[in-house]
Amino acid sequence: MNNSLKRIIALLFPLVIGTSLLAGCSSDSVTDADEESEETEVQTLTVADEEYYSKFRDSGISINVYNWGEYISDGSDEGTLNVNAEFTKLTGIKVNYTNYATNEELYAKLKGGGASYDIIIPSDYMISRMIKEDMIQPLDFGNIPNYKYIGESYKNQAYDPDNAYSVPYTWGTVGIIYDTTLIEEENIDWDILWNEDYADRILMFDNPRDAFAIAEIRLGYSLNSEDFDELENAAELLKEQKKVVQAYVMDEIFDKMGAGEALIAPYYAGDAITLMDEYEDLGFVIPESGTNLFIDAMCIPSGAKQKEAAEMYINFMCEPDIAYATTSYIGYSTPNTAAYEMLDDEIKNDGISYLDEEYLAQNTTVFRNLSDEANQKMQDLWTELKSTHDETKNKWLVPLFMLACVILSITILIMRYIKKKKDIF
Amino acid sequence: MKNKLISAPYLVWMVVFILVPLLMVAYFAFTDKDGNFTLNYVADVAQYSQIFVRSIWLAAIATVICLVISYPLAYILTGMSKNTQSTMLMLVMLPMWMNFLLRTYAWMTMLGNNGIINSIFGFFGLGPYKMLNTEGAVVLGMVYNYLPYMILPLYSVMVKIDKSVIEAASDLGCNTWNTLFRVVLPLSLPGVMSGITMVFVPAISTFIISRMLGGGGNLLIGDLIEMQFLGNAYNVNLGAAISLVLMVIILLIMTIMNQFGSDDETVLM
């Protein structure tokens with residue numbers, strides 16, 4: 001009896017599991033179909049001139065693209081385009097896509113040699129540094145007809161005055177992310193980052209250029225100041241801020257703001273939008289007193305092996321459909337006028353991504369590369385800022401260290417003495 | 001001849017990946033941007049002496065804490081049955097199966113003002129205490145991450161101590177304390193030395209722990225060197241000079257430590 005029951009169960013068991021699995025599958029596929037029918041916005045790509053893109057179709061070449069992390073539409077969201085795959089489909093050119101985290105990392109990689117890229121996307125100040133050091137080459141705009149879509153206000157910026165080396169990819173501003181439930185102040189401006197009421201709940205940029213820019217706005221200096229006195233004053237202001245700063249961070253801002261660990265942090269508008277999508281309590285404001293406008297632009301390094309294919313890639317990135325896919329996916333603003341027209345009014349008027357022309361012209365500054373001396377000075381001041389401590393601690397650190405050294409050496413001597421004595425016996 | 005052949009791969013490896021990079025560090029430290037000889041960068045390192053002192057200090061504290069925790073543990077371990085020993089050793093190694101960054105990141109969420117530890121305190125009406133972004137958190141991170149490097153060499157030396165030596169000591173009227181101090185400790189000194197080396201050296205040059213747990217306001221030498229390469233100024237020569245000075249300091253400290261140990265036993269440097 002017992003045995004036969006077992007046997008029946010053993011026979012039934014896979015059957016039950018099998019049917020439930022099947023049921024699961026079928027119900028899944030039903031919901032999938034539902035979702036797809038609801039999803040009306042599956043983006044398709046149309047390009048104006050397919051003929052142009054067919055040039056390298058059968059040559060089997062590939063290009064190396066070096067871009068910021070999470071800075072392209074990769075099709076991972078439903079209905080979005082996988083930009084690199086579309087490019088390969090259209091042109092037959094393979095794309096080797098790799099990432100970097102900071103402009104400085106990109107610079108160090110190129111400077112160190114050994115790496116060959118055809119497309120890089122540095123920010124404004126890094127572009128001017130690379131132009132100065134012959135690390136990027138002039139573009140042939142005859143190969144980039146879609147350059148016409150780039151808005152006039154993003155062309156001929158100070159970092160590339162004749163706009164010979166770069167094609168703007170995205171742009172954005174720096175503002176303040178804050179917790180709307182706990183901060184009730186109106187007219188939030190940069191001075192909130194110094195406010196002692198929020199001591200230890202404030203985050204700050206962990207890179208000197210962005211941090212100094214905030215201090216320079218408060219002091220009314222140019223964001224591209226190379227004056228040592230001005231830099232020192234800015235450093236002084238940042239030193240004053242250190243008392244209320246919880247931590248100097250970059251990408252950790254996402255976690256710390258999300259978890260309610262900190263209340264206020266300056267950050268880039270595009271990332272702020274991503275963060276606000278996830279956490280409803282967060283708000284973002286671009287201070288009245290002005291801010292830094294940054295532009296990331298596509299460039300071709302001097303040693304590029306496939307210059308023409310790279311220019312084709314740049315042109316492709318300027319296709320309205322592609323630029324639209326990029327800006328919708330990464331959240332940063334697009335300089336592409338045709339893509340801008342395609343955006344929802346909600347995004348156009350959110351007061352974060354796209355600001356009115358007057359504010360942009362009057363209150364924002366684009367970074368330019370500083371002289372080597374000014375860069376070194378800023379770096380030194382930054383190091384000093386980050387390494388100074390509460391005065392009281394400083395006073396004891398060195399004496400304590402010396403004491404430890406002395407104790408150590410005395411112990412060594414005693415040990416040796418004891419040992420010698422032992423050896424004699 | 002045969003021996004030399006066998007060691008050839010390692011020798012090649014050592015020359016290509018250890019000796020050549022070391023020489024390059026020295027080359028960059030003593031040249032300027034145009035490749036001319038200069039002592040300026042090495043001299044410039046003096047302005048960072050405070051950071052050096054803090055790094056050495058924090059690394060030393062972490063090393064001592066590691067030693068204090070590991071020594072009794074390793075000693076107790078050797079007294080256990082073979083099976084328990086291997087289980088315990090596996091438990092020691094277990095955290096190392098996870099990525100270093102991930103482990104440190106976990107501490108970040110645990111120590112935060114809204115983190116797990118402060119939530120527990122909050123449950124009893126205490127705190128919240130500021131734990132993250134302090135020097136203490138940096139030391140904690142060092143101890144946590146490098147503890148296995150102290151336990152393993154200690155254990156592997158202690159497990160080889162002949163039990164009959166200890167028995168002989170007690171036979172001859174030595175009490176537990178004396179056995180520990182006069183028999184076990186001297187015999188385990190090589191393990192102590194290599195444990196200290198393996199904890200102190202990575203601890204002094206770490207940069208990710210101080211950035212994640214120290215909040216960026218507790219700059220250590222590692223951060224300083226990293227800033228020269230990936231920072232605003234891109235000063236490779238200064239970065240190399242700082243690295244070189246750090247190496248010399250470690251060399252000095254290790255030499256002193258070796259004096260501390262017994263003379264005839266060489267310690268892994």
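**Figure 1. Where chain A meets chain B.** In this predicted model, the contact draws 31 residues from chain A and 26 residues from chain B. On the chain A side, α4 (103-112), α6 (208-219), β6 (245-249), α15 (372-387) and α16 (391-424) each supply at least two residues. The largest share of that side, seven residues, comes from α15(A). Sorted by class, the side of chain A that touches chain B holds 15 nonpolar, eight polar and eight charged residues.

Figure 2. Pro208(A) is found in helix α6 of chain A. Is Pro208(A) buried or exposed? It has 25 C-beta neighbours inside 10 Å, so Pro208(A) counts as buried; the cut-off for buried is 20 or more. Leave aside neighbours within four places in sequence, and Pro208(A) is in contact with Met378(A), Gln379(A), Trp382(A) and Asn232(B). Now find Leu237(A), 29 residues apart from Pro208(A) along the chain. The C-alpha atoms of Pro208(A) and Leu237(A) are separated by 13 Å.

**Figure 3. A three-stranded sheet in chain A.** This open sheet has the strand order β2-β1-β3, and its pairing is parallel. Which strands stand at the edges? They are β2 (94-100) and β3 (119-120) of chain A. Each has a single partner strand, so one side of each is left without a neighbour in the sheet. Strand β1(A), residues 62-68, runs parallel to β2(A), and seven bridges join them.

**Figure 4. Strand β9 of chain A and its two partners.** Strand β9(A) covers residues 291-298. How many of its eight residues are buried? Eight of the eight are, so β9(A) is largely enclosed by the rest of the structure. Strand β4(A), residues 167-179, pairs with β9(A) in the antiparallel sense over six bridges. Here Thr170(A) stands opposite Asp296(A) of β9(A). Strand β10(A), residues 364-366, runs parallel to β9(A), and three bridges join the two. In that pairing, Leu293(A) has Val366(A) of β10(A) as its bridge partner.

**Figure 5. The domains of chain A.** The domain assignment gives domain 1 (50-166 + 299-355), domain 2 (172-293 + 375-387) and domain 3 (394-425). Taken over C-alpha atoms, the centres of domain 1 and domain 2 of chain A are separated by 28 Å. Their contact takes seven residues from domain 1 and nine residues from domain 2 of chain A. On the domain 1 side of chain A, the residues that touch domain 2 divide into four nonpolar, three polar and no charged.

**Figure 6. Two nonpolar cores.** In soluble globular proteins, nonpolar side chains tend to be buried together. The largest nonpolar core in this model has 103 residues. Which of its residues touch the most other members? They are Ile119(A), Ile177(A), Ile264(A), Met298(A), Tyr313(A) and Met317(A). Domain 1 and domain 2 of chain A both give residues to this core, so it lies between them. Look closely at Ile264(A). Not counting residues up to four places away in sequence, Ile264(A) touches Ile176(A), Tyr178(A), Ile183(A), Ile192(A), Leu193(A), Tyr198(A), Arg201(A) and Ile202(A). A second, separate core has 58 residues, including Leu58(B), Met158(B), Val192(B) and Ala240(B).

**Figure 7. Chain B, built with helices and no strands.** Chain B has 12 helices and zero strands. Its C-alpha trace spans about 70 × 70 × 30 Å along its principal axes. Of its 269 residues, 35% count as buried. Take the contacts in chain B between residues at least 6 apart in sequence: 71% of these join residues at least 24 apart.

**Figure 8. Helix α8 of chain B.** This helix covers residues 163-171. Among its nine residues the count of buried residues is zero, and α8(B) is hardly covered. Just after α8(B) comes Gly173(B), which takes a positive phi of about 90°.

Conventions. Residues numbered from 1 in each chain as written. Chains lettered and ligands numbered in written order. Predicted model: local features only at pLDDT ≥ 70, side-chain atom pairs only at ≥ 80, totals over all residues. Contact = placed C-beta atoms within 7 Å. Helix = DSSP H or I, 4+ residues; strand = E, 2+ residues; numbered from the N terminus. Nonpolar A, V, L, I, M, F, W, Y, C, P; charged D, E, K, R; others polar. Pairing = 2+ DSSP bridges. Domains from an automatic or database assignment. Buried ≥ 20, exposed ≤ 12 C-beta atoms within 10 Å, placed from the backbone. Core = buried A, V, L, I, M, F, W, Y, C linked by C-beta atoms within 7 Å.
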